[in-house]
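User: I am new to this structure. Please take me through a few questions about it.

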Amino acid sequence: MAKDLDGDSLIDIIGGVNGEIRWAKNLGNGTFGPAQFICSMIVLNTFDINDINGDAYPDIVYADGLTLAAVTNNGTGSFTQIPNINQIVGAIDLKLTDLNGDGYRDILFVAKENGNLNYFVGWYQNDGLGNFSTFIFISYIQNHSYTIVATDIDNDGDKDIFTAPRVTSYDLGNLVWFENLGSANFGPQQIVNVKTGYIWNLYVSDIDNDNDNDIVISEYTKSTVKWLENQLNNLIDTIIICPNDSALILGTWQSQPGNYFDTLQNVLGGDSINIIKLETYQTYFSADTVEICDYETYNFNGQLLNSSGVYSTTLQSINGCDSIEELSLVVIPAPVVSISPFTPDSVSINAGLLALPTAIPTGGTYSGIGVTNNAFDPAIAGLGEFWISYTYVDTFTGCSNQDSTLIKVYEPLGIDELETLKVKLYPNPGTGDFILTGTNLKTIQVKTLTGELVKDVEIKAPSKVHFNLTGQAKGIYFVHIVNDDAEIRRLLILM
């Protein structure tokens, strides 16, 4: 059997082993702990699990041939033995079920009388607290029976009793039932006219979905399982229509799903109910939410969409009925991106590496002809005008945007360009020590890309200067050089 014994919402396993009832705790993910002892008898015949004392925890009632006993669950999978219900007569099989409609689970059982060969069906009434002092005898049965169940077989709102005594031969068995007449009274034994082998187990379920309980039997001597249809209700047809359509049933057009009944008189003079079931095909309703950036479009069944909103379209299912697909489209604005202009916006092809202009938001990527090592190299770009782009991708939305600025590279013609060619800075890139050569050097300043002064270089010789940037942060700096004829700027990379 399977029940949650310790209140952790995981279904545990309970079974009988060598006269003992044990349980294995469900640890989750399909794994179980070791078997734990609950209770025992010398020869365990049967047990059932359900709440008998109103605390919502599953308790256990169990029996051998001479004793009927119970243990109550303390809510954590530990159990307390209560005084034996009967120490003279036990049970061959038992079920915990409400026989008198008071909301408490009674003990229904089939047993053998102590000291003779009489087999009988009886029950103990539950007072709501798990006390079973009231025994009610129902009937003797023909012979030994291994199974008993309770179910409402005649749809009158109370539970009837089924059991299966064998006949003289082990190859044959009977199926009998006792009608619940209400007020804890049961009618005489009625034999179900079926040819069957020795029945080992009985189960009840609405096998054919016609609103009455059928009987399932397992035949011990024939190793077969059968089900016996309860002909109280007969499902004669199932009609399936599209939603909002209708079908002609028993002379009336019907559109609401459900069971429609036709009461007839059978050959014995009693009522026989025929059922026609009306069902509707499922209306397929697909709902989806899609996010796009504001420069994108989304193809929704042929509609090209670029505005936020809820859109729907009607299609036809495989059954010819309408199906509806709904789309919630969310358009996400692109991030605002801006790049500053180059200063100056025209440079000589021999100017060396130039710092790229600042852009917002930070964290984007520069691209374009001449962009290398996070700088602009006019020698790589060549002569002409070049658009340098800055692209930023919002890591949260995935949307991007871009801005561009123009720079012009020209051929050097004047004195400034000639002086620029005379100035050399090496090694560049370098790790700390640098040499700058030129003519008539007056001032040399190292600045950050934002213009902050880093070092005012001392000039001891007007044509060759050594300086050191060890200790400064690695990165790109500007070197501003002034001589007698020009003001020159060089880009320096400190590694």
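User: Is Tyr-140 buried, partly exposed or exposed, and what is its relative accessibility?

Analyst: This is a predicted model. Tyr-140 is found in strand S12, which covers residues 134-141. Buried means under 20% relative accessible area and exposed means over 50%, with partly exposed in between. Tyr-140 therefore counts as partly exposed, at 42%.

User: Which residues form a nonpolar patch on the surface, and what is their accessible area together?

Analyst: Tyr-140 is one of the patch residues. Phe-135 and Phe-137 belong to the patch too. Together, Phe-135, Phe-137 and Tyr-140 have an accessible area of about 290 Å².

User: Where is Asp-245, and which residues does Asp-245 touch, not counting those up to four places away in sequence?

Analyst: Asp-245 sits in the loop between strand S20 (233-241) and strand S21 (247-249). Its relative accessibility is 38%, so Asp-245 counts as partly exposed. Leaving out residues up to four places away in sequence, Asp-245 touches Gln-254 and Ser-255.

User: How far apart in space are Asp-245 and Cys-321?

Analyst: In sequence, 76 residues separate Asp-245 and Cys-321. In space, C-alpha to C-alpha, the distance is 9.7 Å.

User: Why does the chain count as more spread out than a compact globule, and what is its radius of gyration?

Analyst: The chain has two helices and 45 strands. For 495 residues the globule rule gives 23 Å. The chain is well over that value, so it is more spread out than a compact globule, with a radius of gyration of 46 Å.

User: What box do the C-alpha atoms fill?

Analyst: The box is taken along the principal axes. Its dimensions are roughly 135 × 65 × 40 Å.

How values were computed:
Residues numbered from 1 in each chain as written. Predicted model: local features only at pLDDT ≥ 70, side-chain atom pairs only at ≥ 80, totals over all residues. Heavy atoms only, no water. Patch = residues over 30% accessible without salt bridge, like charges linked within 9 Å, V, L, I, M, F, W, Y side chains within 5 Å. Areas by Shrake-Rupley, 256 points an atom, 1.4 Å probe, with all protein chains shown as cover. Salt bridge = Lys/Arg side-chain N within 4 Å of Asp/Glu carboxyl O. Buried < 20%, exposed > 50% of the residue type's maximum accessible area, 1.4 Å probe, protein only. Rg over C-alpha atoms; globule rule 2.2 N^0.38 Å. Contact = heavy atoms within 4.5 Å.
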